[in-house]
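Me: I am new to this structure. Please take a close look at its disulfide and the strands around that link.

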Amino acid sequence: QVQLVESGGGLVQAGGSLRLSCAASRGTFRPYAMGWFRQAPGKEQFFVAAIVWSGGSTYYADSVKGRFTISRDNAKNTMFLQMNSLKPEDTAVYYCAITYGGRWLDTQEYDSWGQGTQVTVSS
């Protein structure tokens with residue numbers, strides 16, 4: 001039902017910044033929370049960050065705390081990920097997803113995945 005489109009990825013030097021966007025369209029949009037995930041070649045999916053849509057509670061993986069900030073614009077059905085002090089280890093395809101249940105820290109509860117946007121950090 002809901003379609004998600006990620007944008008904002010690109011090539012950046014280590015220490016630089018990028019701002020990712022995730023826009024939702026079509027269908028009913030009433031998420032409990034939305035999250036950002038990433039996956040690099042040969043590696044498992046990694047849970048980067050998430051935000052509860054109404055209350056604004058956030059989660060960050062330890063490796064991105066202090067560098068990444070998740071936010072949302074409820075009126076525009078859009079989620080953002082501000083990424084600062086980027087490192088080569090952040091290189092991956094970044095995806096956004098939705099959970100409609102309350103177990104927002106359980107990655108198995110997320111669905112409606114987008115197509116992803118490539119982030120490449122060079123050294």
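**The disulfide and its strands**

Reply: The link of C22 and C96 is right-handed, with 70° about the S-S bond. It joins C22 to C96 with an S to S distance of 2.0 Å. A disulfide here is a pair of cysteine sulfur atoms within 2.5 Å. By this rule there is one disulfide. C22 lies in strand 3 (residues 18–25) and C96 in strand 9 (residues 92–99), so the pair ties together parts that are 74 residues apart in sequence.

This is a predicted model, where local features need pLDDT of at least 70, side-chain atom pairs count only at pLDDT 80 or more, and totals for chains, interfaces and linings use all residues. Residues are numbered from 1 along each chain as its sequence is written, and side-chain values use heavy atoms, with hydrogens and water left out.

C22 is buried, at a relative accessible area of 0%. C96 is buried too, at 0%. Buried means under 20% relative accessible area, exposed over 50%, and partly exposed in between (1.4 Å probe, protein chains only).

Now strand 9. Strands are DSSP runs of E, at least two residues long, numbered from the N terminus. Two strands pair if DSSP finds at least two bridges between them. Strand 4 (residues 33–39) and strand 9 run antiparallel, joined by seven bridges. R38 has Y94 as its bridge partner in strand 9.

Notes. Helices (H or I, at least four residues) and strands (E, at least two) are DSSP runs, numbered from the N terminus.
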